[in-house]
Amino acid sequence: MTGGAGTGPVIVRVDRDRCIGSGMCARSAPDSLALGADGLAAPLAEYGDRGAELTEELAEAVDFCPVEALTLHAARGGYRIDPAE
Ligand code: SF4
């Protein structure tokens, strides 16, 4: 997935059973994701609840997570944007 035109605010979810704490997402999208004290990825600020603009960096982080632990959802409605279901 590339770009965010037309998607509206998004949230990102971390499947904590899948995340291996590689930190790749936090390095590539530091405005959206960080490693928590438990060593697993967690969304930052609005990306965890209200939603914020989808950035190219976040879209790439979702696509490149080595264990497919990240999913993007529309903040309004909650439907999954990426990866496609
Ligand atoms: S890239 Fe994937 S496995 Fe690595 S920290 Fe982020 S969510 Fe976890």
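The protein chain contains two helices and five strands, where helices (H or I, at least four residues) and strands (E, at least two) are DSSP runs numbered from the N terminus. Along the sequence these elements follow the pattern β-α-β-β-α-β-β. The structure is a predicted model, in which local features need pLDDT of at least 70 and side-chain atom pairs count only at pLDDT 80 or more, while totals for chains, interfaces and linings use all residues. Residues are numbered from 1 along each chain as its sequence is written, and side-chain values use heavy atoms, with hydrogens and water left out.

The C-alpha atoms of the protein chain fill a box of roughly 30 × 20 × 20 Å along the principal axes. The chain exposes about 4,900 Å², of which carbon and sulfur atoms supply 50% (Shrake-Rupley method with a 1.4 Å probe; for residues, only the protein chains shown count as cover). Of the 85 residues, 36% count as buried. Buried means under 20% relative accessible area, exposed means over 50%, and partly exposed lies in between (1.4 Å probe, protein chains only). Among contacts with a separation of 6 or more, 59% come from residues 24 or more positions apart, a contact being heavy atoms within 4.5 Å.

Val12 belongs to strand E1 (residues 10-14) and has a relative accessible area of 3%, so Val12 is buried. Apart from neighbours within four places in sequence, Val12 is in contact with Leu33, Pro43, Tyr47, Leu58, Val62, Leu70, Thr71 and Leu72. Val12 and Leu72 are separated by 60 residues in sequence, yet their C-alpha atoms are 4.6 Å apart. Ser32 is located in the loop between H1 and strand E2 (33-35). With a relative accessible area of 1%, Ser32 is also buried. Its contacts, again leaving aside neighbours within four places, are Ala42, Pro43, Leu44, Tyr47, Thr55 and Leu58.

Backbone geometry was examined next. Ala45, in the loop between strand E3 (41-43) and H2, has a positive phi near 45° although it is not glycine. Ala45 counts as exposed because its relative accessibility is 58%. Glu68, in the loop between H2 and strand E4 (70-74), likewise is a residue other than glycine with a positive phi, near 55°. The relative accessible area of Glu68 is 57%, so Glu68 is exposed. A cis peptide bond with omega of about -10° joins Asp82 and Pro83. Pro83 lies in the segment after strand E5 (80-82).

The largest pocket holds about 150 Å³ of space. On a 1 Å grid over the protein atoms alone, a pocket is an open set of points where a 1.4 Å probe fits, with protein on both sides within 12 Å along at least five of seven lines; lining residues have an atom within 4 Å of a point. Grid points are joined across faces, edges and corners, and the volume is the space filled by probe spheres set on the points. The largest pocket is lined by 17 residues, of which Ser22, Met24, Cys25, Cys65 and Pro66 are the closest to its centre. Helix H1 (24-28) and helix H2 (56-64) are the elements that give two or more residues to this lining. The lining divides into twelve nonpolar, four polar and one charged residue (Ala, Val, Leu, Ile, Met, Phe, Trp, Tyr, Cys and Pro count as nonpolar; Asp, Glu, Lys and Arg as charged; the others, Gly among them, as polar).
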